[in-house]
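Here's a quick walk through a couple of spots in one protein chain. Take a look at the sequence and the fold, then read on.

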Amino acid sequence: MARVWVLSDLHLETAPFPDAYDPPRPEFDVLVAAGDIWEGEPEKAVATIARLAEGRPSVLVAGNHEAWGMTPARCLDRLKRAAKGGNVTVLDGDAAVIAGVRFMGATLWADGLLSGLHLRPHEATGEGVRRPDGQGTITHGDETALHAVQRARIASMLDEAPADGLPIVVVTHHAPLVDRVPAALRVHAGAGLFASDLSELMTRHRIALWVHGHIHAREDRVHGSGTRIVANPAGPLFTTPGFEDGCVVAV
């Protein structure tokens with residue numbers, strides 16, 4: 001059984017002394033960081049996770065804020081370059097076996113269905129992310145397309161996973177279910193940017209744990225399929241109610 005330390009949405013770019021974040025380390029085998037560690041500076045996100053893990057392995061997926069000021073592809077390239085040769089594994093539509101657990105991950109983005117954003121594909125989302133072609137800021141159509149690719153990739157990885165008994169943990173930044181998007185966000189015009197419904201994947205596959213971030217609300221529950229869903233986002237200046245420095249999940 002592996003002990004997974006779960007963190008996300010530290011948003012250390014908002015902290016006056018970001019390097020002062022040095023919580024007591026829980027007993028863990030793998031640190032899983034579900035994105036938005038440091039806005040616009042992927043190298044600092046990787047360095048932070050490596051520092052927190054203290055030589056133990058970690059898994060990181062890019063959040064939307066890591067890509068601030070650049071294209072998603074450029075963000076991922078910088079993350080992977082920064083992580084090369086170290087103990088931080090950046091997942092982007094791929095999988096890795098660590099500590100006896102099969103981790104699969106991607107940013108995921110969102111399909112916009114929650115609030116009809118998919119119907120306005122040419123409209124900018126308001127985020128500081130560049131479009132995939134680098135021309136202007138990212139649109140709802142861009143995010144819908146990114147979501148479709150990454151959702152298909154996660155589904156393919158699940159379909160192709162060997163029947164070797166290893167527990168599967170999926171890590172995404174965006175939320176995989178829409179029903180727990182906080183009420184305050186549901187009335188927001190951009191609510192469709194936060195979550196999509198991936199319950200079909202949970203029902204069709206044996207997924208032990210799904211870790212996500214992005215919605216700035218704590219979550220720990222078991223889906224009807226048996227998949228445990230956990231989010232432990234700190235939020236800017238560590239303002240998310242219920243955030244735990246030492247949130248550890250046994251898998």
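Leaving aside neighbours within four places in sequence, which residues is D9 in contact with?

## Around D9

Keep in mind that this is a predicted model. Setting aside those sequence neighbours, D9 is in contact with G35, D36 and I37, then H173, then G213, H214 and H216, and finally P233, A234 and G235. As for where D9 sits, look in the loop between strand 1 (3-7) and strand 2 (30-33).

The side chain of D9 has a couple of polar contacts to check. One goes to the side chain of S8, at 2.6 Å, and another to the side chain of H216, at 3.3 Å. H216 is also among the contacts listed for D9. On the charge side, D9 is buried but has no salt bridge. R218 is the nearest side chain of opposite charge, and it's 11 Å away.

## Around A99

Now hop over to A99, in the loop between strand 5 (94-98) and strand 6 (101-106). Is A99 buried or partly exposed? A99 counts as partly exposed because its relative accessibility is 45%, and the buried label needs under 20%.

Not counting residues up to four places away in sequence, A99 touches A2, D29 and V30. The A2 pairing spans 97 residues in sequence, yet the C-alpha atoms are 6.4 Å apart in space.

## The annotated stretch

UniProt, in an unreviewed entry, places the feature "domain: Calcineurin-like phosphoesterase" at residues 3-217. Over that stretch, the chain is 26% helix and 16% strand. Its end C-alpha atoms are 22 Å apart.

Methods: Residues are numbered from 1 along each chain as its sequence is written. This is a predicted model: local features need pLDDT of at least 70, side-chain atom pairs count only at pLDDT 80 or more; totals for chains, interfaces and linings use all residues. Side-chain values use heavy atoms; hydrogens and water are left out. Helices (H or I, at least four residues) and strands (E, at least two) are DSSP runs, numbered from the N terminus. Buried means under 20% relative accessible area, exposed over 50%, partly exposed in between (1.4 Å probe, protein chains only). Contact means heavy atoms within 4.5 Å. UniProt positions are given in the numbering used here, feature names are shortened, and annotations may be inferred rather than shown by experiment. Lys and Arg count as positive and Asp and Glu as negative; His and the chain ends are not counted. A salt bridge is a side-chain nitrogen of Lys or Arg within 4 Å of a carboxyl oxygen of Asp or Glu. A polar contact is a pair of N or O atoms within 3.5 Å; within protein, one must be able to donate a hydrogen and the other to accept it, and residues adjacent in sequence count only if both atoms are side-chain atoms.
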